[in-house]
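Okay, thanks everyone, let's get going. I'd like to walk you through one model today, so please have a look at it while I talk.

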Amino acid sequence: GFRYYMVNNCEFNSSKLNDIEYIYSHYYNKLEYIRFSSSVGKYVGYTEHGIKNAERWNNGPEVIARRAEKERYCFYNVGVDVEAALTKS
């Protein structure tokens, strides 16, 4: 069978909230075909199917909802992870 999955990811190298990048990716059979990156601010397609979806999603409400995910998802979780790391070190 084939595997389809989505990944939310927050990448950061410092405790500054402005340095955080939120990435939301769709995969099919271990191949990433579309990605939203908060540093780019829109969806980017990597396959023919991904490019078509990126064009459609960038013109719809999906991109507006994704832009808010950095604050909602990353800022909270990074704060929790940094606090846990600091108390154990």
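Let me start with asparagine 29, which at 38% relative accessibility counts as partly exposed; that label sits between buried, under 20% relative accessible area, and exposed, over 50%, using a 1.4 Å probe and protein chains only. Before I go on, the housekeeping: this is a predicted model, where local features need pLDDT of at least 70 and side-chain atom pairs count only at pLDDT 80 or more, while totals for chains, interfaces and linings use all residues. Residues are numbered from 1 along each chain as its sequence is written, and side-chain values use heavy atoms, with hydrogens and water left out.

Back to asparagine 29, then. You'll find it in the loop between strand 2, residues 21-28, and strand 3. By strands and helices I mean DSSP runs numbered from the N terminus: E for strands, at least two residues, and H or I for helices, at least four. Most residues other than glycine have a negative phi. Lysine 30 sits in that loop between strand 2 and strand 3 too, and has a positive phi of about 65 degrees although it isn't a glycine. Lysine 30 is exposed, with a relative accessible area of 75%.

Next, the hairpin. Strand 3, residues 31-37, and strand 4, residues 42-45, run antiparallel and are joined by four bridges; for pairing, DSSP has to find at least two bridges between the strands. One of the pairs is isoleucine 34 with glycine 45 in strand 4. Four residues lie between the two strands, and glycine 41 in that turn has a positive phi of about 85 degrees. Is glycine 41 buried or exposed? Buried, at 16% relative accessibility. Leaving out residues up to four places away in sequence, glycine 41 touches Phe36, Val63 and Arg67, where contact means heavy atoms within 4.5 Å.

From glycine 41, hop over to arginine 66: the two are 25 residues apart in sequence and 8.6 Å apart in space, C-alpha to C-alpha. Arginine 66 lies in helix 2, residues 61-67. Here's the bit I'd like you to look at: arginine 66 is buried yet has no salt bridge, and the nearest side chain of opposite charge, glutamate 69, is 4.1 Å away. The rule asks for a side-chain nitrogen of Lys or Arg within 4 Å of a carboxyl oxygen of Asp or Glu; Lys and Arg count as positive, Asp and Glu as negative, and His and the chain ends aren't counted. Again skipping residues up to four places away in sequence, arginine 66 touches Asn8, Tyr22, Tyr24, Phe36 and Tyr43.

Now the disulfide. Taking cysteine sulfur atoms within 2.5 Å as the rule, the count is one, and it joins cysteine 10 to cysteine 74, S to S 2.0 Å. Cysteine 10 is in strand 1, residues 4-11, and cysteine 74 in helix 3, residues 69-88, so the pair ties together parts 64 residues apart in sequence. The torsion about the S-S bond of cysteine 10 and cysteine 74 is about -90 degrees, which makes the disulfide left-handed. Both cysteine 10 and cysteine 74 are buried.

To zoom out: the protein has three helices and four strands, in the order β-β-β-β-α-α-α along the sequence. Of its 89 residues, 30% count as buried. That's me done, thanks.
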